[in-house]
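Terms are given with their cut-offs where they come up.

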Amino acid sequence: MALDTATRGRLASLVGAENVLTAREDLIPYSFDGTAALRAMPEAVVFAHSTSEVADVLRWANEARVPVITRGSGTGLSGGSLPSPHGIVLCLTKMGRILEVDAANLTLLAECGVTTVTIADAAAGMGLFYPPDPGSMKISTIGGNVAENSGGLRGLKYGITRNYVMGLEVVLPDGEVLWTGNKCVKDVAGYSLRDLFIGSEGTLGVITKVLLRLLPKPAAKKTLVATFDQMDRAAQTVSDIIAAKIIPCTLEFLDRTTIACVEDFAKVGLPLDCEALLLMETDGHPAAVAEEAAQMESLARRNGAMEVRVAKDEAEANRLASARRSAFSALARVAPTTILEDATVPRSELARMIRFVEQVARKHGLRIGTFGHMGDGNLHPTFLTDERNTAEMARVHEAFKEIFDEAIRLGGTITGEHGIGVAKKEFLPKFAGDASMRVMRELRRVLDPHAILNPGKMFDP
Amino acid sequence: MHCGMCLPTCPTYDATKLERHSPRGRIALMRSIADGELEATRTFGEEMYFCLGCLACMTACPAGVNYAELFEHARAEVEESGVLHSPRRSVIRGLTVKWLFMEHPRLTAVGRAMRLYQELGGQALVRGSGILRLLPKRLRELEAMTPPVCRKFSNELIARVIPAQGERRARVALLTGCAQDLLFSDVNLDTAEVLVRNGCEVHTPPDQPCCGSLHAHNGEWTLAQQLARRMIDLLPPESFDAIISNAGGCGSHLKHYSKLLADDAAYAARARLWDAKVKDIHEYLIGLGIRPPAASSAPGLRVTYHESCHLSHGQKVVVQPRQVLRAIPGVELVELPESSWCCGSAGIYNLTQPEMAGQLLDRKVGHIRATGVGVVATGNPGCLLQLINGCRAAGVPVRVAHPITLLAEAYRSDGRCAAGEPA
């Protein structure tokens, strides 16, 4: 590649020659993340093993004005870790140690490259619980989760990554290392910089350590699967459950196309003869769980559920949740390119939004599979297309615009959990408004004056 | 689709954390070549041979990407392009893949020579003399890995046709394999025993060629096709209810002759029939309804099960071997952590990539040691050999055996041998 020998030597002196990749065969596998149809070649991929190595690399990049794209496992769905031209990829998967599990304060301190599942397992090993469970949790890194403020299946009751971050270590573009937050439940000293870095998509600093809040593991859990012959009935069941003042930990929905793809992969016995499926889960005190499960079952039946099945044990419940997490990838069984949408609306507008998405797909002659977190209004309508079909891709783009406009009109957002990155960059100004855009631009300029961190993502200067 | 769900299940990615060494990265390279953005380079060639071909990624892939096919085509492209060409490599490949494993009599001749070397004390003499120290380190390691060759090969042990015991439920052909026949002919005899006990009339033609798995996995497409045709001629699928394989790696390849011969007008239809008839022994027994042995050969035996990659990820035969083990009276099955993680054998991978293979073997042996069992069972000759060597080197006192051997021993505890005398 174009990286000259002197630069390569400089990087090698910072992190070791074996941690600087420049061969074309090494770079191509880093030219994309989990997002469809986006590719760009980096100049080099650099692995750091410690905060001080990250600081050294950033200090150099800041002086040399070289763009730095921070990357974990590359599972993002908005192109957040897509390489920038003339930039390097700073890959942090080798910073993979859990540093502390503090059972007295219910916290866990980890390096940024630890995978989400490792954190969940470490917590579970101590009888504790780390709730955020993004679909890619088996491989996504906690640093990436924080940078993208990832959600998951339990958002409705337990919230999202932001709700579990107590502290962060962040390296600023000039190499200075900043700590924000601590183990205190209450802390109002100064601006909450921690909250600024959560969801900053690698544009303000590089997150190197994360202090997480843990919960006691719920004593009981019950998982139900209900099937419906109409999408509206499933949506109505969700509304009724919320209206009955039940907050389940999971209320997931799959449409017919998605069910077929997921079942083809996971073989967990999902019924194939329905239009919509609800995966419902309640957890907590055993008595409350039993009561809520019974109530949810009866509400589903009252709305004409074809079948309501209760998972017989934890193993089956886990298989069902895990099958649901594979939905996005499984949809690729029917089309080579799957472009998924992340529009989110207030729960009261859910049924309306689902109908709108269907209309848009019909109008533009597009195939679609819809699934999502019905309980928190976060839908994932996914266009099933082929990136080589330029005409169809243009129609997909058109359909997006209409969906975003409608989501905003209904008081929703253009992305519930995937982030802006490259994929939604053009839609952010309209959503955020002039004042917010101005403040975001100024903040970014102050923290990253030479615009080396993830340039071209989220918004332009 | 490039979601990355395959990454945590890929042993080479897990060990290196480099995307190039992951299924997603390898597919990206293959695609770049297909799109004309990258030429087949030496680095690409090496990468394709750094992949174990364990197919764990296929089990993990929600999108159903057929990595096995992409991988075999990529290796064929590597061979065609000659990017890995070197005189030494050509000689080795010429002697093994293209010569030795093409004709079974050649293989048995070599087997006999090795047996002589081992039996007449040649090996003990050589090992004792210290002469091995003169060899390069790599050759010394290889010498230490040479397995004992069986005293008798399958055709000396198993009659061509053995009648079923009790009511005849099926007429089956038994595949004896190539390396399997030399090193584990006893497993073939045990398979015949188990089939006969379960009411199968067993046909075992002698001098069966290699199934071609070695060739297909190493980029020799044409030779693999040649061997597939010979197999179909030797064991006509029309004549049997099932064609039984007891080697996970071979079975995984044997079930895909129709892809290999799709463009061969004379064989395409028969290859489809062949694919439908090929069954792994565990899969077949459970499907047929196993007749459990009446008595135990070793009561209170704690057994763990290591999954051959191509049996579990390639053939998706996961539950049945465990069911077979549980059907043996007196056996307690102890689950092995990471049971479907590759042991590093991976065909000839332990010869071509000894470092990575060694890391994987250490990991596997560590888990086996932790279970504290007396027996580890596995359904593939490569894994059997790898685990025998690994456990011996690490001083882990376990017996390594094919599940079918354990089952056959239980049947024989009635004092009879239905298929012939055990070797």
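In the hairpin of β17(A) and β18(A), four residues lie between the strands, and Gly377(A) has a positive phi near 75 degrees. The model is predicted: local features need pLDDT of at least 70, side-chain atom pairs count only at pLDDT 80 or more, and totals for chains, interfaces and linings use all residues. Residues are numbered from 1 along each chain as its sequence is written, while chains are lettered from A and ligands numbered from 1 in the order in which they are written.

**Strand β18 of chain A**

Helices (H or I, at least four residues) and strands (E, at least two) are DSSP runs, numbered from the N terminus. Two strands pair if DSSP finds at least two bridges between them. Strand β17 (residues 367-373) of chain A pairs with β18(A) in the antiparallel sense over seven bridges. Strand β16 (residues 337-340) of chain A also runs antiparallel to β18(A), and four bridges join them. Leu384(A) in β18(A) has Thr338(A) opposite, and Arg367(A) likewise stands opposite Leu384(A).

A residue is buried if 20 or more other C-beta atoms lie within 10 Å of its own, exposed if 12 or fewer, and partly exposed in between, with C-beta atoms placed from the backbone. Strand β18 (residues 378-385) of chain A has eight of its eight residues buried, so it is largely enclosed by the rest of the structure. In a regular strand the side chains alternate between the two faces of the sheet. Both faces of β18(A) are covered, with Asn378(A), His380(A), Thr382(A) and Leu384(A) buried on one side and Leu379(A), Pro381(A), Phe383(A) and Thr385(A) buried on the other.

An α-helix has 3.6 residues a turn, so residues three or four places apart point the same way. The buried residues of helix α4 (residues 116-125) of chain A are Thr116(A), Ile119(A), Ala120(A) and Ala123(A). Down the axis of α4(A) these buried residues fall within an arc of 100 degrees, so they line one face of the helix. The arc is that of the directions from the helix axis to the C-beta atoms. Asp121(A) and Gly125(A) are exposed, on the face of α4(A) turned away from its buried side. The cover over the buried residues of α4(A) includes β6 (107-111), β7 (128-129), α5 (142-148) and β10 (206-213) of chain A. Just after α4(A), Gly127(A) takes a positive phi of about 75 degrees.

In chain B, helix α17 (residues 268-277) has Ala271(B), Trp274(B) and Lys277(B) as its buried residues. They fall within an arc of 120 degrees seen down the axis of α17(B), so they line one face of that helix. Among the elements that cover them are α14 (221-234), β4 (242-245), α16 (257-260) and β5 (278-280) of chain B.

**Domains of chain A**

Domain bounds come from an automatic or database domain assignment. Chain A is divided into domain 1 (5-91), domain 2 (98-216) and domain 3 (220-329). The centres of domain 2 and domain 3 of chain A, taken over C-alpha atoms, are 29 Å apart. Two residues are in contact if their C-beta atoms, placed from the backbone, lie within 7 Å. Six residues from domain 2 of chain A and 10 residues from domain 3 of chain A take part in the contact.

**The chains and their contact**

| Chain | Elements | C-alpha span along principal axes | Buried residues |
|---|---|---|---|
| Chain A | 16 helices, 18 strands | about 70 × 60 × 45 Å | 52% of 461 residues |
| Chain B | 24 helices, nine strands | about 65 × 55 × 40 Å | 51% of 423 residues |

The radius of gyration is taken over C-alpha atoms, and the globule rule is 2.2 Å times the number of residues to the power 0.38. Chain A has a radius of gyration of 22 Å, close to the 23 Å that the rule gives for 461 residues, so it is as compact as a globular protein of that length.

The contact between the chains takes 23 residues from chain B and 25 residues from chain A. On the side of chain B that touches chain A, α2 (23-34) and α3 (42-50) of chain B are the elements that give two or more residues. α2(B) gives the most to that side, with five residues.
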